[in-house]
Amino acid sequence: MGKMQVGFSRKNITPYLGVPIPGYYCDRLTEGVLDDLYANVLAVTDGQKTALLFSLDTISIERAYMDVLRNAVSQRTGVPYEAILIACTHTHTSAGIGARGEKEGHYNEYVKHRLCDAAQEALLDCKPAAFSYAKSRAPHISFIRRFRMKDGTIETNPGIDNPNIQEPIGVPDESVQVVRIQREGGDEIALINFQTHADTIGGCRISADFPGFLRSTFESVMPHAKCVFFNGAQGDTNHVNVHPGPGDLNGLNTDSFDDVARGYEHAKYMGQVVAGAVLQVYLKAAPLKDGAVGFLQRTIQIPSQMPAKEQIPEAERIVSLHNAGRDEELGYRGMMLTTVVGEALRMVKLKDGPESFDISLSAIVFGEVAFVGFPGEPFTETGVYLKEHSPYAVTFPCCLTNGNEDYFPVRSAYDEGGYEARSSNFCPGVAEILTENALDMLRSLKDEAKEQ
């Protein structure tokens with residue numbers, strides 16, 4: 001074993017009934033529990049520096065409450081604020097953490113204490129560790145959700161077998177990254193990085209979605225290993241195969257408000273596919289060099305996508321009708337309705353500014369493994385580029401980490417259109433600016449490690 005030590009802890013964070021469920025442009029309250037939600041935390045130390053990496057079964061957490069959580073964990077453990085990375089799996093069947101309201105307030109406090117306890121336990125669990133890496137592939141469960149239509153328009157989630165579909169805009173990243181951590185006198189830990197929306201189930205009952213089934217499937221086969229999942233650059237992908245073949249719709253209900261087929265059994269299937277990809281390579285993972293722990297956070301100013309003055313009246317009309325429950329008067333349905341409402345909400349919110357936003361990127365490295373936390377939803381292209389150009393042997397891009405600012409579409413998406421770019425708070429170039437800053441941060445951490 002090398003000089004680094006690793007600890008682990010897992011805590012249940014399943015919410016109470018009646019807590020609001022975010023994720024759609026409609027109200028949902030928790031009515032039941034299909035499966036529990038968990039907070040997983042990894043503690044990594046080289047004897048001088050220590051970092052904590054969380055993976056939470058939740059859709060997202062706004063930066064203001066992320067700061068509350070990170071500061072609370074820091075105060076409890078002594079680990080620096082910048083060395084705490086909290087990533088969300090982005091399950092759309094989870095309660096909102098950090099939202100205001102009486103029931104949400106109780107749940108917020110509960111989660112905060114659970115994270116502090118988990119961090120403390122993970123640090124106490126630290127044992128000498130060795131790292132190895134493998135890469136696999138999970139086919140046919142993640143699909144680009146933005147399409148060029150035959151009539152020249154761009155649509156997100158245009159519906160199954162829509163005859164107007166011409167082609168998807170891009171290629172999904174089906175790669176699965178696996179870091180195996182073998183610990184002296186302790187359970188192994190498998191760190192998994194895959195990328196697609198965890199919006200497979202819908203409804204008002206709590207579920208961890210496919211990441212939960214990935215964990216349970218893997219751990220049933222490898223009972224002496226713990227599985228921690230980090231969702232990657234998933235902003236333009238989901239589980240929807242718009243041209244399904246025989247059997248592809250098994251476990252899916254095609255009757256949904258936004259033309260997206262969903263189903264609990266399909267979430268199980270996805271988790272099993274990713275777990276199978278991991279198990280194919282896990283025991284043959286190649287050793288990684290030992291090294292130091294490093295961490296860095298950087299704040300970047302990004303221009304906002306403010307509306308033109310002439311766009312505001314129509315946007316206000318759309319928002320007014322939507323808030324009054326009169327969506328049928330807008331003349332749209334399915335995901336196009338969501339797109340129009342999302343765009344109008346963005347315009348109304350930004351009609352008086354601000355002219356820019358401060359976006360904080362996070363990076364934590366240990367040895368040859370790097371984590372980059374995007375506080376929003378980056379596109380597939382961003383994740384692929386980051387992994388290919390990183391100075392580290394292994395790089396996990398992580399969505400919705402240490403905040404939830406919005407979508408980070410690539411520049412071409414603004415020219416083309418679609419829900420993500422039309423609703424995003426940010427001007428074209430946001431993805432490229434964040435990616436170059438992330439790579440610069442990784443290079444700085446690499447240089448710092450060489451000097452030690």
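1. Let's start with two helices: H7 passes H10 in a right-handed crossing. Helices are DSSP runs (H or I) of at least four residues and strands are E runs of at least two, numbered from the N terminus.

2. Before going on, a word of caution: this is a predicted model, where local features need pLDDT of at least 70 and side-chain atom pairs count only at pLDDT 80 or more, while totals for chains, interfaces and linings use all residues. Residues are numbered from 1 along each chain as its sequence is written, and side-chain values use heavy atoms, with hydrogens and water left out.

3. Back to the pair. H7 (residues 380-389) and H10 (residues 430-451) pack with their axes 10 Å apart, at an angle of about 25°. The axes are lines fitted to C-alpha atoms over the stretch in contact, and angles run from 0 to 180 degrees between N-to-C directions. So H7 counts as roughly parallel to H10 (under 35 degrees is roughly parallel, over 145 roughly antiparallel, 65 to 115 roughly perpendicular, and the rest oblique). On the H7 side, the contact is made by Thr382, Tyr385, Leu386 and His389; contact means heavy atoms within 4.5 Å.

4. Now have a look at Asn404, in the loop between strand S21 (394-398) and strand S22 (407-408). Is Asn404 buried or exposed? Asn404 is buried, with a relative accessible area of 16%. The cut-offs are under 20% for buried, over 50% for exposed and partly exposed in between, using a 1.4 Å probe and protein chains only.

5. Which side chains does Asn404 pair with? There is a polar contact of 3.0 Å to the side chain of Ser60, and another of 3.2 Å to the side chain of Glu62. A polar contact is a pair of N or O atoms within 3.5 Å; within protein, one must be able to donate a hydrogen and the other to accept it, and residues adjacent in sequence count only if both atoms are side-chain atoms.

6. Ser60 sits in the loop between strand S4 (50-56) and helix H1 (63-77), and it is also buried, at 13% relative accessibility. Leaving aside neighbours within four places in sequence, Ser60 is in contact with Cys88, Ile97, Leu400 and Asn404.

Terms used:
A crossing is left-handed if the near helix is turned anticlockwise from the far one by less than a right angle, and right-handed if clockwise.
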